[in-house]
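Keep the sequence and the model side by side.

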Amino acid sequence: MECDEKLVRFRQAHLNPFNKQPGQGQHDQEAGDDLSCRDSLLGLSHGDPGFQCSERMMDLGLAEDHFSRPVGLFLASDIQQLRQAIEECKQVILELPEHSERQKDAVDPSEDEPNIRVLLEHRFYKEKSKSVKQTCDKCNAIIWGLIQTWYTCTGCYYRCHSKCLNLISKPCVRSKVSHQAEYELTICPETGLDSQDYRCAECRAPISLRGVPSEARQCDYTGLYYCGNCHWNDLAIIPARVIHNWDFEPRKVSRCSMRYLALMVSRPVLKLREINPLLFNYVEELVEIRKLRQDILLMKPYFITCKEAMEARLLLQLQDRQHFVENDEMYSLQDLVDIQTGRLSCSLTEIHTLFAKHIKLDCERCQAKGFVCELCKEGDVLFPFDSHTSVCTDCSAVFHRDCYYDNSTTCPRCVRLSLRKQSLFRGPSAEEQA
């Protein structure tokens, strides 16, 4: 044990032979004793070749520690020193007046930063969380909430240091979503690096495909190239690939495109019948969802005029997809994703069953608004959303499907309504003649 301690002192004093200090002769003598002690442990004598080789290397300075600590540099690598520093900090805090402002600032330093900053349509709020570790969207560095002030945009969730706020050059994506909510429907519309002057599409930093001075990364949504600070290889589903190819594989996109797609994912801006009407011929789930949506639109008038349905707030079952009770043509990207996974079909079938149960079984007022087939005058009460019925496009009368298509004459209700209108027009003229 004593020999090991002497060996450690020897290494600390003689690791760098060029580090000569005053009074080193005495240390050299002690080191000689340590060296002889070490040699006796290793079984080497002064005449052995191994000893002579080691001594020669020391003389030539080949054992110099090139990673030795420079003079005056403090490193908290020693656990004992680190614990001592922590205890000293605790002592300094405890010596301050209790519950004073100085003590609060020492424990939780508050920087003189405003709580709200508005910049390029971003509305930044100062974050108070100290424990969550985030990444700055501007400098791509870690945000240490315990010692750094950082902000988050409430519109696009852009996060950055307070020192990086004035360096932001891209407007808030929320403004684009509010004023021009539409997708790029061309699959990866690439134009080439030369059209960008070999610069990042967002920050204008020099980029190239060779990675010098910075690697060019392509965004699969916009087709543009970005630098590593503006493109983190985030993955997102591309709307154009979904609509044209029914392809839901995530692709690499830039940070700006990632935020835009995240804000647009629930917005019903896709009119599939106009963009790609053939998609309904190849995706059976789309046909099923379209039929369910058409039935829900036919149920909507029953709920609007039903007091019990309004009190039960049945239409709020679709509050997350409000466009389903407005039309049957518009879809959001999230709708298509849920159709592909099967979640939307299950949830919409349950809601359809709940609505039909209220109209046909639970509510007498809604039952009284049903129809009887005027062609065969047989069967149960019919409703326009039943699967075996057909609806007249002119008067909205409901018939059995077989009866309606087998009958070559016109709709009986349409004939009756037209005769009633004629009688109303003829009635006053006959009285005037009398």
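**A buried aspartate and its surroundings**

Asp 234 is buried, with a relative accessible area of 16% (buried means under 20% relative accessible area with a 1.4 Å probe, protein chains only). The model is predicted: local features need pLDDT of at least 70, side-chain atom pairs count only at pLDDT 80 or more, and totals for chains, interfaces and linings use all residues. Residues are numbered from 1 along each chain as its sequence is written, and side-chain values use heavy atoms, without hydrogens and water.

Asp 234 belongs to strand E9 (residues 234-236); strands are DSSP runs of at least two residues, helices (H or I) of at least four, numbered from the N terminus. Beyond four places in sequence, the contacts of Asp 234 (heavy atoms within 4.5 Å) are Arg 251, Lys 252, Val 253, Arg 255 and Met 258.

Arg 255 also lies over the face of Trp 232, at 4.1 Å from the ring centre. Here CZ of Arg or NZ of Lys must be within 6 Å of the ring centre and within 35 degrees of the ring normal. The charged end of Arg 290 sits over the ring of Phe 280, 4.6 Å from its centre.

Notes:
Buried means under 20% relative accessible area, exposed over 50%, partly exposed in between (1.4 Å probe, protein chains only).
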